[in-house]
Amino acid sequence: MIVSFIHRAVMQGIPLLYGATGEIITEKSGNLNLGIPGVMYVGGISGVIGAFMYENSLPDKSAANPFWAIAIPLLCCLLGSFLIGLLYSFLTTTLRANQNVTGLAITTFGVGLGNFFGGSLIKIVGADVPSITLSTTSKFFSASLPFAQNLGWFGEIFLSYGFLAYLAVIVAILASLFLKRSRVGLNLRAVGENPATADAAGINVSRYKYLSTCVGSMIAGLGGLYYVMDYVSGVWSNDGFGDRGWLAIALVIFTVWKPNFAIIGSILFGGLYIVHNYLNQLIPMNMSSQELIKMAPYVVTVLVLIFNSMRNKRESQPPEALGLSYFREDR
Amino acid sequence: MDKQTPAVSLRHITKAFGSKVVANKDVSMDIMSGEILSLLGENGSGKTTLMNMLSGIYHQDAGQILVNGNEVFINSPKDAYALGIGMIHQHFKLVEVFTAVENVALGMDKKTTGGAKEIAKAITEICDRYGFDVDPKKKVYNMTVSQKQTLEIVKALYRGANILILDEPTAVLTPQETDKLFAVLRNMKKDGKSIIIITHKLNEVLAISDRVAILRKGEYIGDVETKDASVQSLTEMMVGQKVELDIERPAVEHKALRLRIDHLTCLDRYGVTALDDVSLEAYGGEILGIAGISGSGQKQLLEAVAGLQHAESGSSIEYIEPDTGTRHQLLGKSVSDIKRMGVALSFVPEDRLGMGLVGAMGMTDNMMLRSYEKGRLPFTDRKTPRQLASKVKEELEVVTPSLNTPVRKLSGGNVQKVLVGREIASDPTVLMAAYAVRGLDINTSYTIYRLLNEQKKKGVAVIYVGEDLDVLLALCDRIAVLCGGKLNGVVDGKTATKEEVGLMMTNLRTERKEADAS
């Protein structure tokens, strides 16, 4: 049971890892994108639309080409989440709208957009159940190594996932190296810490904010894609994504803005998210206690926040200019 | 000297902010290589603005800048660096959570700088050459102010700066650190670099510079070789001739002790002593002026009285009630308790909306900030503040579309009128006004002076912090002069001269005696 728990925890954690990695990249530029839940939702539905179009263009579902089955939803997902990131950047960086308000609006907008298209697709298919199934393309997303099943617990814990799960870990490691080691990463962190200083050093603050927000949104959007295509095996139902977007934002705080910590953190959060199911099997519980246990990730985040402010270590604080618009004239 | 091409020439530079405030007017000056030039002037004389145009932060409205004889256009700090101009701002441009190396590397191409090791090596080389001390791996937030400043200089030198501008470099340094900085600057001068120091400390001007250029109210007054200059001659050039202002100064009646400040010592937020053992008395029925270069402790003095600033032990501020003569210790009392006693602070800091007014609220609501606890609970009384707002609007001629227009949308002068008007209307016994006329046109300024005088006649103890010496001398009965956080003496407003006050602002008494003796 422990093995299957870890397996499920990882599956739960991957969308959070994408969301958190994307949000960390965004926040390092000083943009607090609270629209991440919306971005991930749009990433999911964009992938679904891509997959739907591809599946419907096939004369025979068994003739699906693995390359296109993966590439089309993937590109659609990246494009959809990129556009949302661009919208957020335009509103906050160019028009200097309040970041919190804009972020919340993007979340509402993204979820509404997703439900609209999701509902439309369900109508088109005319399904009996309020969901749409894309098993043909999903099969390619969730394909794991064939010999994983023969390796017992090792195979189940480490090798039993679709490629997007491994990509999430690679992206998080790359993001971590990028922020820590590269010159562009250094400049990006400077923009989030002190845009006036970055500006004086000849860094184009707006360009960095735009790029990091858009790239961050694209990474976060993949979390939505993974959820639909792999985790729920290609079944889209409206509002199915739940509060994973908010969990991803909580994870950013939990990992003190470090993508490499987010790898472990996401699995921990994933585990906390589903632990009530497993606890229920051990000690039967009523519904209300289960709901209480579902709070665990948020409680842990609050504890980390308290611990961090008590320790008062400068490196564990959010970027100093997080949430603030930058006006050059203010210098 | 004329045969050499100047490193930088400014030709007829004019810069205005908005339509009213002219920061620089037709300024022309030269800076040679291998010289240390002091740019001297009072607050608001346009020193920093002028230099900001050189470093690419502002752009001049008219005039030319020439570097090594060629006309250049500086549109950004990057352009300035490309021309070898580096400026060390008063507020350091450093990222706190970065190391020294990371701060130096910021915005630079890795191909030209190499990795962290190469940069660290280059930093050490620069340090050895000029005699600094910077630990390349140290995080900025662990550095002292002096180390941060050194890092800023190293950063500028690393980017190839030949012309270094330092804005008030010694304002945050201890005397020992200042000596160290000056030694470094002399080394850099020997190396052929041009150095411009913006300052108003006369003794430092005389100690470090080769030449002094003086600005007064945005205009270029002239330059002198430091060896031909003295504290007296520089002060005269800096403050200029006394201007006769037609400000009324009613005779003091019913003078009564209202505030007694004893041995007041305060630290600023960096833990540096901002106010050092100041003892002062304020009387009802008179206007006490506070003169001093900005940042000499005026803010801390007023805030300590208002209960906003923590004072060190041994300090005492006593408030004497006008009718009963009862003494109250103000230190340790809460802000609202002090306000209830009748001590009003209309502090107008650089950011007018920062303190006292809420930008998003209209005049009525801002008036209410003073009286929100009044009225029949749970409802507030809105009628009285509305009447007050319209009264202030009428009397002070506040230009606003309506009483409910957010004050943020009003012009700076009108915002100030709202603030001062409200504080006066609260019927105080002590009224503190700081920079109450900053940015106001001449008519409004006179309205404010008249209001202060009215308060004085009513027996209020008025404390007025101002920057314009002419106004202070015309308006105030007594003037307390602060210099570097110390009280440098109190002079009579009727008999004191501008030179006397100017000298007291820039030179502590003990230093002055030494200067006289030598």
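In this predicted model, strands β19 (residues 478-483) and β20 (residues 486-492) of chain B pair in the antiparallel sense over five bridges. Within this pairing, B:L482 stands opposite B:L487 of β20(B). The two strands form a hairpin with two residues between them, in which B:G484 takes a positive phi near 55°.

Positive phi values also occur in chain B at residues that are not glycine. Most residues other than glycine have a negative phi. For B:D26, however, phi is positive and near 50°, and this residue lies in strand β2 (residues 21-31) of chain B. A phi near 50°, again positive in a residue other than glycine, is found for B:D277, which is placed in strand β12 (residues 273-284) of chain B. With a relative accessibility of 46%, B:D26 counts as partly exposed, and B:D277 counts as partly exposed at 42%.

Helix α9 of chain B, which spans residues 231-239, has as its buried residues B:V231, B:L234, B:T235, B:M238 and B:V239. Seen down the axis of α9(B), these buried residues fall within an arc of 115°, and they therefore line one face of the helix. The elements of chain B against which the buried residues of α9(B) pack comprise the strands β3 (36-40), β9 (211-216) and β10 (219-225), together with the helices α8 (202-208), α16 (469-475) and α17 (498-506). Just after α9(B), a positive phi of about 75° is taken by B:G240.

Another helix of chain B, α12 (residues 363-368), contains B:T364. This threonine, B:T364, has a relative accessible area of 1% and is therefore buried, the cut-off for a buried residue being under 20%. When residues up to four places away in sequence are not counted, B:T364 touches B:R382, B:P385, B:R386, B:A389, B:L403 and B:N404.

A search of the whole structure for cavities of 30 Å³ or more finds three, and the largest cavity has a volume of about 150 Å³. This largest cavity is lined by 15 residues, of which A:A200, B:P77, B:Y81, B:M87 and B:H89 are the closest to its centre. The elements giving two or more residues to the lining of the largest cavity are α9 (195-200) of chain A and, from chain B, α2 (77-82), β6 (85-88) and α6 (145-158). By residue class, the lining of the largest cavity divides into eight nonpolar, four polar and three charged residues.

Terms used: Residues numbered from 1 in each chain as written. Chains lettered and ligands numbered in written order. Predicted model: local features only at pLDDT ≥ 70, side-chain atom pairs only at ≥ 80, totals over all residues. Heavy atoms only, no water. Buried < 20%, exposed > 50% of the residue type's maximum accessible area, 1.4 Å probe, protein only. Helix = DSSP H or I, 4+ residues; strand = E, 2+ residues; numbered from the N terminus. Arc of directions from axis to C-beta. Contact = heavy atoms within 4.5 Å. 1 Å grid on protein atoms, 1.4 Å probe; cavity = no way out; pocket = protein on both sides within 12 Å on 5 of 7 lines; lining within 4 Å. Points joined across faces, edges and corners; volume = space filled by probe spheres on them. Nonpolar A, V, L, I, M, F, W, Y, C, P; charged D, E, K, R; others polar. Pairing = 2+ DSSP bridges.
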